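I opened this entry to keep track of what I looked up, one topic at a time.

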Amino acid sequence: TSESVKERIRQIVLDEDPQRPYKDRKIAEILESEGFEIDRRTVTNYRQKLGILPYNQRKQPTWSRKKVASSG
């Protein structure tokens, strides 16, 4: 169902490397490898409905991670 696909997209994004987030095409490829038949445009649509930003806006620069780690 679409709800299970949306939940899987949310989980993929949560598990991704914040410095190298997945593009929608890559998320679609991951879902296809798990047996879901889904197009990149559908991934984009679901991601937007979930309020998840595009990959270039999710990307965290390398320095931000070091800054956070050294501030504690």
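**The loop after the opening helix**

I started with D17, whose side chain reaches the backbone nitrogen of Q19 at 2.9 Å. I am working from a predicted model. D17 sits in the loop between α1 and α2. Is D17 buried, partly exposed or exposed? I looked up its relative accessible area: 34%, so D17 is partly exposed. I then checked D17 against Q60. The two are 43 residues apart along the chain, and their C-alpha atoms are separated by 9.1 Å.

Next I took E16, which is found in the loop between α1 and α2. Its relative accessibility is 10%. The cut-off for buried is under 20%, so E16 counts as buried. What does the E16 side chain reach? I found the backbone nitrogen of Y22, at 2.9 Å. Leaving aside neighbours within four places in sequence, I listed P21, Y22 and R58 as the contacts of E16.

**The whole chain**

I stepped back to the overall layout. I counted five helices and zero strands. Read along the sequence, the pattern is α-α-α-α-α. The chain has 72 residues, and buried residues make up 28% of them.

**α1 against α3**

Two packed helices are described by the angle between their axes and the distance between the axes. I looked up both for α1 (residues 2-15) and α3 (residues 40-49). Their axes come within 10 Å and cross at roughly 80°. An angle of 65 to 115 degrees counts as roughly perpendicular, and α1 and α3 are therefore roughly perpendicular to each other. Which residues make the contact? From α1 I noted S2, V5, K6 and I9; from α3, V43, Y46 and K49. By class, this contact has four nonpolar, one polar and two charged residues.

Not counting residues up to four places away in sequence, Y46 touches S2, V5, K6, I9 and I38.

K6 was my next stop. This lysine is found in helix α1. Is K6 buried or exposed? K6 counts as buried, because its relative accessibility is 14%. With residues up to four places away left out, K6 touches Y46, K49 and L50.

**α3 from end to end**

I looked at the start of α3. There, a side-chain oxygen of D39 reaches to within 3.0 Å of the backbone nitrogen of R41. Within the helix, I noted V43, T44, Y46 and R47 as buried. What do the buried residues of α3 pack against? I found α1, α2 (24-33) and α4 (55-58). At the other end, α3 is followed by G51, and the phi of G51 is positive, near 75°.

**The core**

In soluble globular proteins, nonpolar side chains tend to be buried together. How many residues make up the largest nonpolar core here? I got 12 residues in all. The members are V5, I9, I12, V13, I27, A28, I30, L31, I38, V43, Y46 and I52. I then sorted them by helix: α1, α2 and α3 each supply at least two residues of this core.

Definitions and conventions: Residues are numbered from 1 along each chain as its sequence is written. This is a predicted model: local features need pLDDT of at least 70, side-chain atom pairs count only at pLDDT 80 or more; totals for chains, interfaces and linings use all residues. Side-chain values use heavy atoms; hydrogens and water are left out. Axes are lines fitted to C-alpha atoms, for helices over the stretch in contact, and angles run from 0 to 180 degrees between N-to-C directions. Helices (H or I, at least four residues) and strands (E, at least two) are DSSP runs, numbered from the N terminus. Angles under 35 degrees count as roughly parallel, over 145 as roughly antiparallel, 65 to 115 as roughly perpendicular and the rest as oblique. Contact means heavy atoms within 4.5 Å. Ala, Val, Leu, Ile, Met, Phe, Trp, Tyr, Cys and Pro count as nonpolar, Asp, Glu, Lys and Arg as charged, and the others, Gly among them, as polar. Buried means under 20% relative accessible area, exposed over 50%, partly exposed in between (1.4 Å probe, protein chains only). A polar contact is a pair of N or O atoms within 3.5 Å; within protein, one must be able to donate a hydrogen and the other to accept it, and residues adjacent in sequence count only if both atoms are side-chain atoms. A nonpolar core is a set of buried Ala, Val, Leu, Ile, Met, Phe, Trp, Tyr and Cys residues joined through side-chain atoms within 4.5 Å.
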